[in-house]
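Here is a friendly walk through a structure that may be new to you. Take a moment to look it over, and then read on.

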Protein chains: 2
Amino acid sequence: MKIFKFVGLSILASSLLLASADLADKATKAGLKAIPTDNAALSKLIDPNKTITPERVELGKKLYFEPRLSKSGIISCNTCHNLGMGGVDGVPAAVGHMWTANPHHLNSPTVYNAVFFAAQFWDGRSPHLEDQAQGPMQAAPEMAAPPSLVEERINSMPAYVEEFKKAYGKDVKVDFKTITSTIGIFERTLVTPSRFDDFLNGKKDALTDAEKEGMNLFIDKGCTTCHTGIALGGSMQPFGITAKYKYADVGDFVGDKNKMVKAPTLRNITETAPYFHNGAIWNLADAVKEMGRIQLGLKISDDEATKIVTFLGALEGRKPEVTYPQLPKSTDKTPKPDFK
Amino acid sequence: MKIFKFVGLSILASSLLLASADLADKATKAGLKAIPTDNAALSKLIDPNKTITPERVELGKKLYFEPRLSKSGIISCNTCHNLGMGGVDGVPAAVGHMWTANPHHLNSPTVYNAVFFAAQFWDGRSPHLEDQAQGPMQAAPEMAAPPSLVEERINSMPAYVEEFKKAYGKDVKVDFKTITSTIGIFERTLVTPSRFDDFLNGKKDALTDAEKEGMNLFIDKGCTTCHTGIALGGSMQPFGITAKYKYADVGDFVGDKNKMVKAPTLRNITETAPYFHNGAIWNLADAVKEMGRIQLGLKISDDEATKIVTFLGALEGRKPEVTYPQLPKSTDKTPKPDFK
């Protein structure tokens with residue numbers, strides 16, 4: 001009996017191994033890509049202009065966690081893009097300065113793997129992270145800090161100025177652009193390889209059978225039409241192709257000038273509820289079914305949605321270890337917090 | 001000439017060495033104490049009930065950074081007691097739920113070295129950190145979360161429940177008391193040895209001459225009357241002994257039932273502006289002069305205040321390295337954020 005069982009398992013295992021190779025091939029042909037394990041290849045992707053240095057990343061990390069970049073002094077990038085919560089805030093619409101919710105009811109997208117996006121913001125108006133970082137800092141319902149205030153705050157702290165010199169040379173101008181770019185450089189490093197990547201990179205047992213089944217279904221249903229590439233998303237797509245989005249009336253966002261909306265990354269998606277640009281759906285299976293209905297014209301069953309969600313769990317990535325930074329102290333010259 | 005200079009420096013150095021030993025002795029007699037370097041001695045101080053374990057500290061750290069312990073889901077302990085900013089928020093009066101400033105205009109005290117305080121809160125109403133942690137979480141203008149909501153949120157995430165079991169045994173009841181106590185246990189570890197401690201522990205050159213001069217003046221002026229012990233503060237004291245506090249009209253706080261106010265720790269004080277229970281004074285030298293006037297009946301000159309502030313800089317401590325925690329993901333059962 002014991003031997004019989006053993007033989008049975010062996011056959012099962014080898015048939016799965018074959019299926020795995022096929023599945024990886026199928027995924028690749030559908031445009032899915034792994035985060036490269038090779039440093040040079042990864043570097044080419046996340047750092048095409050060779051701006052990343054350890055000094056800038058360390059400084060960018062400080063700035064990312066720096067609440068004094070906001071008018072009030074209590075909101076940082078990390079407030080809405082929390083590195084401990086999948087890179088988001090877990091609320092439907094971002095809430096910022098003066099407890100104001102995003103006026104268009106927009107949900108904070110994750111910062112993790114955002115370096116792989118073709119465009120930044122839900123309407124794709126920003127080409128890269130360095131540019132994106134300029135937005136929320138100034139936006140009245142977010143950090144509400146005019147560039148002049150940001151520059152004054154940072155330049156009032158000698159320890160910051162010193163770090164900018166170390167990062168860019170002694171003639172650096174510590175201006176709004178350099179400050180926000182440095183945050184972008186830090187964000188470039190926030191990539192999260194997952195078991196999905198291990199699988200595509202050849203580790204056949206990195207996924208469970210159920211995850212492989214879900215992945216197969218994910219491709220068969222056509223989810224990879226939009227959720228493809230390394231980010232499994234991140235590019236502009238028409239929204240509501242086959243039907244109108246169920247919660248189109250929550251907020252007033254209609255997409256870019258062509259009514260296109262950025263397809264969010266599916267990496268770490270199990271950690272970043274609620275979903276959609278307006279954060280209107282909390283349950284991931286519900287989100288999958290809604291996508292089938294409005295993008296693919298398909299009725300995805302509860303069972304199928306569960307299987308796809310099982311696959312999505314394999315996209316939970318290994319987060320970079322971040323040592324919480326010690327920030328320079330304010331001085332008499334530092335502009336005071338302003339809560340109005 | 002060169003030899004002469006050398007001899008001169010030698011004489012100066014040895015006279016300072018003697019002065020250092022005297023100064024350390026004087027400081028000790030004035031009640032100043034170093035953070036012990038000996039682990040057993042430190043442990044006895046910060047962990048008298050032997051509740052600290054690595055599992056509880058790690059879990060407590062997660063909870064300390066956990067915004068879902070607030071009603072809104074976006075305010076954590078670290079929002080007002082920021083470990084990267086000397087353990088404070090750097091604003092006059094804490095601002096919390098619904099952008100409400102503390103109604104009594106109370107300034108957030110530092111969490112660093114709070115384990116050494118004789119009492120917690122400005123009015124000393126709480127005996128220890130485990131008890132203290134229950135306050136801000138429930139307070140309407142802070143985290144605004146009733147105990148039942150806190151319990152529901154944490155218990156809705158299996159990864160948290162699992163960690164509580166690891167930390168306390170499988171029969172643990174994950175209730176409000178255990179949740180807040182665990183935060184207190186983490187906070188017990190937040191001690192910051194400084195050059196001041198190194199000096200008292202025998203390293204004579206740990207302080208500069210200017211810092212030693214400032215320390216001597218600090219003791220001579222009588223600052224150690226209240227700012228004494230390991231925390232250089234942390235006990236209840238009468239406030240406004242020789243004159244009325246200049247900003248007594250900012251807020252309505254009058255102290256405990258005996259009108260006593262907790263003397264804040266001076267550790268990391270150079271990093272924790274603004275000062276006093278109502279955060280009304282931003283400049284540390286001004287704060288020192290005000291203390292002289294209202295507590296000691298002394299006119300402390302600008303020059304003397306500068307010297308004392310120089311000494312206070314030596315109390316900037318080495319912060320424990322904190323890896324930013326990855327928090328468990330919400331589930332369908334997790335109560336939703338509530339911004340009202």
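In which kind of crossing does α11(A) pass α13(A)? The crossing is left-handed, a label used if the near helix is turned anticlockwise from the far one by less than a right angle, with right-handed for clockwise. Helices (H or I, at least four residues) and strands (E, at least two) are DSSP runs, numbered from the N terminus.

**How to read the model**

This is a predicted model, in which local features need pLDDT of at least 70 and side-chain atom pairs count only at pLDDT 80 or more, while totals for chains, interfaces and linings use all residues. Residues are numbered from 1 along each chain as its sequence is written, and chains are lettered from A and ligands numbered from 1 in the order in which they are written.

The model has an ipTM of 0.94 and a pTM of 0.95. For chain A the average pLDDT (the predictor's confidence in each residue, from 0 to 100) is 95, and 95% of the residues score at least 70. In residues 1–5 of chain A, however, pLDDT is below 50, and this stretch has zero contacts in the model beyond near neighbours in sequence. Two residues are in contact if their C-beta atoms, placed from the backbone, lie within 7 Å.

**Where the chains and domains meet**

Chain A gives 30 residues to its contact with chain B, and chain B gives 31 residues. On the chain A side, 15 of these are nonpolar, nine polar and six charged. Here Ala, Val, Leu, Ile, Met, Phe, Trp, Tyr, Cys and Pro count as nonpolar, Asp, Glu, Lys and Arg as charged, and the others, Gly among them, as polar.

Chain A itself is divided into domain 1 (25–41 + 192–313) and domain 2 (42–188); such bounds come from an automatic or database domain assignment. Their C-alpha centres lie 26 Å apart. Domain 1 of chain A brings 35 residues to the contact between them, and domain 2 of chain A brings 27 residues. On the domain 1 side, α2 (39–46) and β4 (260–262) of chain A are the elements that give two or more residues. That side has 16 nonpolar, 13 polar and six charged residues.

**Back to the crossing helices**

In chain A, the axes of α11 (residues 209–221) and α13 (residues 302–313) come within 7 Å and cross at roughly 110°. Axes are lines fitted to C-alpha atoms, for helices over the stretch in contact, and angles run from 0 to 180 degrees between N-to-C directions. This angle makes α11(A) roughly perpendicular to α13(A), since angles under 35 degrees count as roughly parallel, over 145 as roughly antiparallel, 65 to 115 as roughly perpendicular and the rest as oblique. Among the residues that meet are A:Met215 and A:Phe218 in α11(A), and A:Ile308 and A:Phe311 in α13(A). The contact comprises six nonpolar, two polar and four charged residues.

In chain B, α11(B) also passes α13(B) in a left-handed crossing, and the axes come within 7 Å and cross at roughly 110°.

**Backbone details**

| Peptide bond | Form | Omega |
|---|---|---|
| A:Ala273 to A:Pro274 | cis | near -5° |
| B:Ala273 to B:Pro274 | cis | near -5° |

A:Pro274 sits in the loop between β4 and α12 (284–296) of chain A. B:Pro274 is in the loop between β4 (260–262) and α12 (284–296) of chain B.
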